[in-house]
Amino acid sequence: MHVQEWLDSVPAGAVYAVVALVIGLESLGIPLPGEIILVSAALMSSQHTGVNPVVLGACATAGAVVGDSIGYAIGRKGGRPLIAWLGRKFPKHFGEGHVATAERSFEKWGMWAVFFGRFIALLRIFAGPLAGVLRMPYWKFLTANVLGGICWAGGTTAVIYYVGVVAESWLKKFSWLGLVVAVLIGLGSMLVLRRKAKKVQGAAQETEVETVGAAE
């Protein structure tokens, strides 16, 4: 069953709970389709299903912030042994080179690494645990975590909601063509923040190359 169809079959209260839970677990470090769930639920809220977009955005934000905070606590308690274990289990993502690059990114960008990480799928999963392992001061992490959660969860909900509202009126006149155009507009808006996040990551990688070159 498609995500949208499944969400359509459950009460509004359950939709809020599912969105908060899935996003929270994803932020905790478990690879789940949090963004897909959020987009599907936000689209539902635009179709007069009883799902309130404001409540939905608040639940998604709460799930993101709480999940990331728990991930931070786990990373801080597990420390380097946790990273070593993850490196053995998932060398593609937690190899020594990846960890070193992540550490330099956090040292240079600090709070921004956590904030912009919310908009990148892989970093959204591991930003919390990594910040804890690398001992980022909790007040800095929490500030970036809350702001990133609000911008990502709230922003995504708002964009998809209004895309759905616009698409509904367009569909009456232009059939599926209106939906395609509306979705493209929404995706274009979301990509702006994604590009900013990638610039932060790219700058960190350039710094790493310069550091290696200087050492040689």
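Me: What share of the contacts with a separation of 6 or more joins residues 24 or more positions apart?
Reply: In the protein chain, 76% of those contacts are between residues 24 or more positions apart. Keep in mind that this is a predicted model.

Me: OK. How many helices and strands in the chain?
Reply: The protein chain has 10 helices and 0 strands. Along the sequence, the pattern reads α-α-α-α-α-α-α-α-α-α.

Me: And how much of the chain is buried?
Reply: Of the 216 residues, 40% are buried. The chain exposes about 11600 Å². Carbon and sulfur atoms supply 69% of that area.

Me: Switching to charges. How many salt bridges turn up in the whole structure?
Reply: The search finds 1 salt bridge. Arg118 pairs with Asp68, and the closest N and O atoms are 2.8 Å apart.

Me: Which parts of the chain does that pair tie together?
Reply: Arg118 is in the loop between H7 and H8, while Asp68 is in helix H4, so the bridge ties together parts 50 residues apart in sequence.

Me: Are those two buried or exposed?
Reply: Both Arg118 and Asp68 are buried.

Me: Why does Arg118 count as buried?
Reply: Because its relative accessibility is 2%, and the cut-off for buried is under 20%.

Me: What else does Arg118 touch, leaving out residues up to four places away in sequence?
Reply: Besides Asp68, Arg118 touches Ser27, Ala64, Arg124, Asn145, Gly148, Gly149 and Trp152.

Me: Now rings. How many aromatic pairs are there?
Reply: The whole structure has 8 aromatic pairs. One of them is Tyr72 with Phe141: the ring centres are 4.6 Å apart and the planes sit at 25°, so this pair is stacked.

Me: Where do Tyr72 and Phe141 sit in the chain?
Reply: Tyr72 is in helix H4 and Phe141 is in helix H9, 69 residues apart. The pair links distant parts of the chain. Tyr72 and Phe141 are both buried.

Me: What about Phe115 and Phe116, how are their rings arranged?
Reply: Edge-to-face. The centres are 5.1 Å apart, with 85° between the planes.

Me: Phe115 and Phe116, what accessibility do they have?
Reply: Phe115 has 12% relative accessibility, so it counts as buried. Phe116 is also buried, at 13%.

Me: Over to the surface. Which residues make the nonpolar patch of about 300 Å²?
Reply: Tyr138, Leu142, Val146 and Ile150 make that patch.

Me: Which helix has Val146, and what is its accessible area?
Reply: Val146 lies in helix H9, residues 138–174. Its relative accessible area is 30%, so Val146 is partly exposed.

Me: Last one, Asn52. Where is it?
Reply: Asn52 is in the loop between helix H3 (34–45) and helix H4 (53–89). At 34% relative accessibility, Asn52 is partly exposed.

Me: How far is Asn52 from Ala12, C-alpha to C-alpha?
Reply: The two C-alpha atoms are separated by 8.2 Å. Along the chain, Asn52 and Ala12 are 40 residues apart.

Terms used. Residues numbered from 1 in each chain as written. Predicted model: local features only at pLDDT ≥ 70, side-chain atom pairs only at ≥ 80, totals over all residues. Heavy atoms only, no water. Patch = residues over 30% accessible without salt bridge, like charges linked within 9 Å, V, L, I, M, F, W, Y side chains within 5 Å. Areas by Shrake-Rupley, 256 points an atom, 1.4 Å probe, with all protein chains shown as cover. Salt bridge = Lys/Arg side-chain N within 4 Å of Asp/Glu carboxyl O. Helix = DSSP H or I, 4+ residues; strand = E, 2+ residues; numbered from the N terminus. Buried < 20%, exposed > 50% of the residue type's maximum accessible area, 1.4 Å probe, protein only. Contact = heavy atoms within 4.5 Å. Phe/Tyr/Trp six-rings, centres within 6.5 Å; stacked < 30°, edge-to-face > 60°.
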